[in-house]
Amino acid sequence: MSNTFKNYINGSWVDGSGDTFENRNPADTDDLIGTFPSSTAEDVARATEAAREAYRSWRLVPAPKRGDILRKAGDILARRKDELARAMTREMGKPVFETKGDVQEAIDTAYYSATETRRLFGYNAPSEMPDKMNLSFRMPIGVCGIITAWNFPMAVPSWKILPALACGNTLVYKPSEDAPHSGNLMAEVLEEAGLPKGVFNVVHGAAEAGNAIVEHPDIKVIGFTGSTETGKAIAAKAGGMNKQVSLEMGGKNAQIVMPDADMDLALDGVLWGAFGTTGQRCTATSRLILHEDIHDDFVNRLIEKASALKLGPGLEEGTEMGPVINEKALDKVTEYVRIGREVDGATCILGGDRAGEEDATLGRGHFFLPTIFIDVNRNMRIAREEIFGPVLSVLKIGSLTEAIEVLNDTPYGLSSSLYTKNVNDAFRAIRDIEAGITYINVPTIGAEAHMPFGGVKGTGNGHREGGWTVFDIFTEWKTVYIDYSGSLQRAQIDNYDE
Ligand code: NAD
């Protein structure tokens, strides 16, 4: 069954003004999910106008009332969790148990944002003058443009959309062209929850539509998740227009395992971190940094476990690893394996190839084998660049100090993990690792909705989504001074004697 999907503007489903594009199931390219508008600047302008108009009243709705709508959205997401997860698996491939987690993160964020609408605290401070009061408030900013990647089609957008709405902003949202259906499902949920028309608008498409959002003068804030390359280009353009930009970008995350670690726990951790979501997470474990005393034994056990992973369509019961997103991603992963072997000179000891081209099921999708390289050093491209697929590079080190140096030696700084039972080593690592997130005895993934999320270096630009910090992205401060003395009191002048 195929469908023609539309943009969602001012509470109505409308055609785009340009061409359309197809979205297909990456596990079965014969399965056409539907066609979506390749939106143009004209469509973005229409959505922005609706959002600008809706902002006039939405900003005045008391924040806890906005929270009531978000709470209802959480209830609807919870009611539709299984259906939304299946639709998401069909469009981007990860197994249903993972897409259920993706929806759950959106549910958590909805409830979290709803409760925080009663706590959008400003602060008061004493005045330096008598009979004068100083206050400050968080104010909404206006129309925000939200542009996201495809790998967490509900969770990642929800981290931006729901807090931004809680703060009283209105939105133009462009989902990834590789996961567009989830964008429409989000619009359905918010509409059913009672969001007034025009407050949330969805415009489909790829770079052209994204660029039109960045360039529209009435869009004041850009919330972006995607590659570092795209994010930097957006920031350069938006900077010239004096827009606020929050960037969540790529990663090259590492897990360190020390000899005193619980080996079974560390093995389970790296298996999930490296091959969950087929390695296509910003927080995926793409480097494993092993102490030399345990290296060989750990690698052998890891090969055994990784080669037993069940590949297949995410909608099939028992599948542990789904396809990569599209043909382009398959080519990119294949090219990095070639680079690892032929340019870097590392040893591919597992996988390294497309999976099941002759297989009746796997042959219909974009499957790649779980792949492990050993004999990797920190200067190799496979140790430094984001591959975004099921490829793990193993590096051998002799001490924790060396492990941290190697971990820090990439252009990225999102997530990191250390497996050890030594509490002193754990605290040193927490202090010295250059990353937005450090996990101890936990894989590089597992963010929770109420904690700050984001990275340093090439991963971010100083903002954090998740937790309270996201409200800094979607509000601006208003400072208010109230003088009830009845006379002119000149600050810094009348209250200080010469
Ligand atoms: P991408 O950069 O290709 O695309 C991201 C979004 O930007 C898409 O919606 C795309 O249509 C849009 N876009 C592309 N060119 C644009 C332009 N010139 N102007 C405006 N918008 C444009 O990334 P992707 O392949 O969709 O996603 C994978 C990347 O996302 C990886 O690097 C991954 O690490 C990163 N990611 C980061 C996080 C995080 O929170 N740090 C989370 C998920 C994914």
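Where does V61 lie? V61 is in the loop between α1 (41–58) and α2 (63–79); helices (H or I, at least four residues) and strands (E, at least two) are DSSP runs, numbered from the N terminus.

## Basis of the description

This is a predicted model, in which local features need pLDDT of at least 70 and side-chain atom pairs count only at pLDDT 80 or more, while totals for chains, interfaces and linings use all residues. Residues are numbered from 1 along each chain as its sequence is written, and side-chain values use heavy atoms, with hydrogens and water left out.

## The ligand site

The space taken by the ligand is the largest pocket. A pocket is defined on a 1 Å grid over the protein atoms alone, as an open set of points with protein on both sides within 12 Å along at least five of seven lines. A molecule sits in a pocket if more than half of its atoms lie within 2 Å of the grid points of that pocket.

## Backbone contacts to the ligand

Polar contacts are pairs of N or O atoms within 3.5 Å; within protein, one must be able to donate a hydrogen and the other to accept it, and residues adjacent in sequence count only if both atoms are side-chain atoms. A backbone N or O atom of T148 is 2.7 Å from an oxygen atom of the ligand. A polar backbone atom of G226 lies 3.3 Å from an oxygen atom of the ligand. For M249, a polar backbone atom is 2.8 Å from a nitrogen atom of the ligand. The protein covers 86% of the 850 Å² of accessible area that the ligand has on its own. Accessible areas come from the Shrake-Rupley method with a 1.4 Å probe; for residues, only the protein chains shown count as cover.

## A buried lysine

K160 is placed in helix α5 (residues 155–166). With a relative accessible area of 0%, K160 is buried; buried means under 20% relative accessible area, exposed over 50%, and partly exposed in between (1.4 Å probe, protein chains only). A polar atom of the K160 side chain lies 3.4 Å from the backbone oxygen of F224.

## Positive phi in two loops

N242 is not a glycine, yet has a positive phi of about 60°. N242 lies in the loop between α8 and β11 (244–248) and counts as exposed at 70% relative accessibility.

N441, also not a glycine, has a positive phi of about 60°. The loop that holds N441 runs between β19 (437–440) and β20 (456–457). At 30% relative accessibility, N441 counts as partly exposed.

## Loop residues and sequence separation

V61 counts as partly exposed, at 25% relative accessibility. V61 and G168 are 107 residues apart in sequence, and 7.6 Å apart in space, C-alpha to C-alpha.

T277 is in the loop between α9 (263–275) and β13 (285–291). T277 is buried, with a relative accessible area of 2%. Between the C-alpha atoms of T277 and G314, 37 residues apart along the chain, the separation is 9.9 Å.

Technical notes
1 Å grid on protein atoms, 1.4 Å probe; cavity = no way out; pocket = protein on both sides within 12 Å on 5 of 7 lines; lining within 4 Å.
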